[in-house]
Amino acid sequence: MKIQTNFSQYPQLKIDEQQVKNCIRKHFGTIKAPIYVYIDPKLKTSHGLHACRDITDYERLPEASLKKEARKNKNHFHKISLSYKHLSEAKSSAAKKTSELKEWTFPDWPKSHRFYHSYLMTVLSHELQHARQVEYGIQYQQHNWKEYDEKIADKRPIEFDACVAEFKKAPKMLKSYCIL
C-alpha cells in the first residue's frame, strides 16, 4: 500500500509522517488502494473526510508513484482530508478542544505525548475505516457491538462501523505512534 501525505507543508503541526505511515500499515494493512492523507486548510466544518477517487480525474498529484499504484487498483485511490483548523486547535488549545468534543471518546495518551496525538489518531482511524469499507464492506455490525450503541449517535451502518473503529483501533494506533 502506497501512502502519501502533505504533512511536510505544515511543519508547525509537528506530525511525524513516517510514524503515521507505519501506524496505517500496521492497523489498516488490508487496504489495497493507495492512500493520500491531505491536511486541508479549507475544511472548516468537518474534522475529516474520506473519498475514493479516480486517479484519471486528477492532472496534478503529489507524486507520480501514486498514479502508478492507483492503476493497479482500477485507477482508484483513497483521499483522506484532515481539517487544518481542527488539528491546529487540538494542538494549541487542548483543554478547549476536549470540552468542545466532550461526547467523543479519546484514547488515553502517554505523558510523552499530548491530547493532539490522540485526536489525530481518532480522526484517522475513523476515516481509514471508511476507506476499508469501500474495499471490504462493513466490518462492525451494530447487532454485534451493542456495548457501543449508547456511545454512538449516528446509527447509519457506515458511520456506526467507523465509530466502532475509533473505539477499537484509535488506542492501538496511538500506542504504535508513541512507541515506534
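K14 lies in the loop between strand 1 (3–5) and helix 1 (17–27), where helices (H or I, at least four residues) and strands (E, at least two) are DSSP runs, numbered from the N terminus. This is a predicted model, in which local features need pLDDT of at least 70 and side-chain atom pairs count only at pLDDT 80 or more, while totals for chains, interfaces and linings use all residues. Residues are numbered from 1 along each chain as its sequence is written, and side-chain values use heavy atoms, with hydrogens and water left out.

Most residues other than glycine have a negative phi. K14, although it is not a glycine, has a positive phi of about 50 degrees, and K74, in the loop between helix 2 (64–71) and strand 4, has a positive phi near 55 degrees. K14 counts as exposed because its relative accessibility is 61%, and K74 is exposed with a relative accessible area of 72%; here exposed means over 50% relative accessible area, buried under 20%, and partly exposed in between, with a 1.4 Å probe and protein chains only.

## Strand 4 and its partners

Strand 4, which covers residues 76–83, is mostly covered, since 7 of its 8 residues are buried. Strand 4 pairs with strand 2 (residues 35–40) in the parallel sense over 6 bridges, and two strands are said to pair if DSSP finds at least two bridges between them. Within strand 4, K79 is the residue that stands opposite Y36.

Strand 3 (residues 48–54) is also joined to strand 4, in this case by 7 bridges, and these two strands run antiparallel. H76 of strand 4 is the bridge partner of D54.

## Helix 5 against helix 6

Two packed helices are described by the angle between their axes and the distance between the axes. Helix 5 (residues 115–136) and helix 6 (residues 157–179) pack at an angle of about 130 degrees, with their axes 7 Å apart. The axes are lines fitted to C-alpha atoms over the stretch in contact, and angles run from 0 to 180 degrees between N-to-C directions. That angle makes helix 5 oblique to helix 6, because angles under 35 degrees count as roughly parallel, over 145 as roughly antiparallel, 65 to 115 as roughly perpendicular and the rest as oblique.

The contact, meaning heavy atoms within 4.5 Å, involves residues including M121, L124 and L128 of helix 5 and A162, A165 and M173 of helix 6.
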